[in-house]
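Hi,

Here is the structure I promised to pass on.

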Amino acid sequence: MPTDEIKRRLVHVSGVLLPLGYLADAVVLSGDILTWERLGVLYLLASAVAVGLEFFRLVVGLEWWVYRRLTREYEQTNPAGYALFMVGSAIAALAFRPRVALPALLALSLVDPMSGLLSRRSHRRTKRPSVLGITFLASFALGAAFVPLPAAALGGIAVTVADGVKPSLGGVVFDDNFTIPVAASAAIQVGVTYLPDAPSLA
């Protein structure tokens with residue numbers, strides 16, 4: 001795998017630090033330091049910084065070396081994945097409760113790069129069925145640690161569809177860094193609200 005691609009994956013996985021920090025604080029310190037509200041503020045601030053950087057890159061034309069290293073070809077004229085990652089995560093964290101949003105945030109940080117590694121040699125618009133299956137199972141397992149199994153299954157389906165298909169409209173690619181946290185959180189919320197309260201794995 002090219003060095004730049006490895007760096008992109010590492011940056012992507014580093015996004016797990018915020019939700020893991022919240023979980024660690026909730027378990028060890030009873031949520032006294034990194035509350036869910038504070039986590040949402042951190043995501044919001046990070047989103048504001050990312051959007052500002054993207055404005056200077058896409059509108060003003062500021063090109064730092066890190067952009068050339070860590071952005072893909074289609075991101076040269078579209079918002080970069082890191083910004084969409086932060087904006088999508090902020091929406092999930094601000095709009096949904098922890099048990100709903102956390103599986104989506106963890107899937108974005110862990111399952112999405114894993115799926116990318118499994119399909120890195122494929123240039124198909126839709127990923128192979130085997131990769132889609134692994135993506136669903138991993139996302140479902142994460143969700144099942146927080147919510148009832150039917151809701152976890154809905155979240156897994158949302159992650160799989162968002163990750164497995166890359167639609168575009170008018171040349172704008174709907175990046176899964178944005179669609180995964182938003183769609184998965186919404187799907188899990190629907191499951192928690194309307195589906196039978198079957199047991200979770202927690």
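Predicted model: local features only at pLDDT ≥ 70, side-chain atom pairs only at ≥ 80, totals over all residues.

**Where α5 meets α6**

On the α5 side, Phe85, Ser89, Ala92 and Ala93 are in contact with Ala101, Leu105, Leu108 and Ser109 of α6; contact here means heavy atoms within 4.5 Å. Sorted by class, that contact has six nonpolar residues, two polar ones and no charged ones. For the classes, Ala, Val, Leu, Ile, Met, Phe, Trp, Tyr, Cys and Pro count as nonpolar, Asp, Glu, Lys and Arg as charged, and the others, Gly among them, as polar.

Residues are numbered from 1 along each chain as its sequence is written, and side-chain values use heavy atoms, with hydrogens and water left out.

Back to the helices. Two packed helices are described by the angle between their axes and the distance between the axes. Helix α5 (residues 81–95) and helix α6 (residues 98–118) have axes 9 Å apart, at an angle of about 165°. The axes are lines fitted to C-alpha atoms, for helices over the stretch in contact, and angles run from 0 to 180 degrees between N-to-C directions. That makes α5 and α6 roughly antiparallel (under 35 degrees is roughly parallel, over 145 roughly antiparallel, 65 to 115 roughly perpendicular and the rest oblique). The crossing of α5 past α6 is left-handed, i.e. the near helix is turned anticlockwise from the far one by less than a right angle, with clockwise being right-handed.

**α5 has other partners**

How do α5 and α9 run relative to each other, roughly parallel or roughly antiparallel? Their axes come within 7 Å and cross at roughly 15°, so the two are roughly parallel. This crossing is right-handed. From α5 the contact takes in Gly81, Leu84, Phe85, Val87, Gly88, Ser89, Ile91 and Ala92, and from α9 Asn177, Phe178, Pro181, Val182 and Ser185. By class there are eight nonpolar, five polar and no charged residues.

Ala90 also sits in α5. Is Ala90 buried or exposed? With 5% relative accessibility, Ala90 is buried (buried is under 20% relative accessible area, exposed over 50%, partly exposed in between, using a 1.4 Å probe and protein chains only). Leaving out residues up to four places away in sequence, Ala90 touches Tyr43, Leu44 and Ser47. Ala90 and Ser47 are 43 residues apart in sequence, but their C-alpha atoms are 7.0 Å apart in space.

Over in helix α9 (residues 176–194) you'll find Gln189. Not counting residues up to four places away in sequence, Gln189 touches Phe96, Arg97 and Val100.

**Aromatic pairs**

How many aromatic pairs does a search of the whole structure find? There are three. Rings of Phe, Tyr and Trp (its six-membered ring) pair if their centres lie within 6.5 Å, and planes under 30 degrees apart count as stacked, over 60 as edge-to-face and the rest as tilted.

One of them is Tyr22 with Trp36, edge-to-face at 5.1 Å centre to centre and 70° between the planes. Tyr22 belongs to helix α2 (residues 17–28) and Trp36 to helix α3 (residues 36–60), so this pair ties together parts 14 residues apart in sequence. Tyr22 is buried at 13% relative accessibility, and Trp36 is buried at 10%.

Another is Phe136 with Phe140, stacked at 5.9 Å centre to centre and 15° between the planes. They are four residues apart in helix α7 (residues 129–144), which puts about one helical turn between them. Phe136 is partly exposed at 26%, and Phe140 is partly exposed at 23%.

Thr160 lies in helix α8 (residues 149–164) and is buried at 13% relative accessibility.

**The whole chain**

The protein has nine helices and two strands, in the order α-α-α-α-α-α-α-α-β-β-α along the sequence. Both are DSSP runs numbered from the N terminus: helices are H or I with at least four residues, strands E with at least two. Of the 202 residues, 39% count as buried.

Cheers
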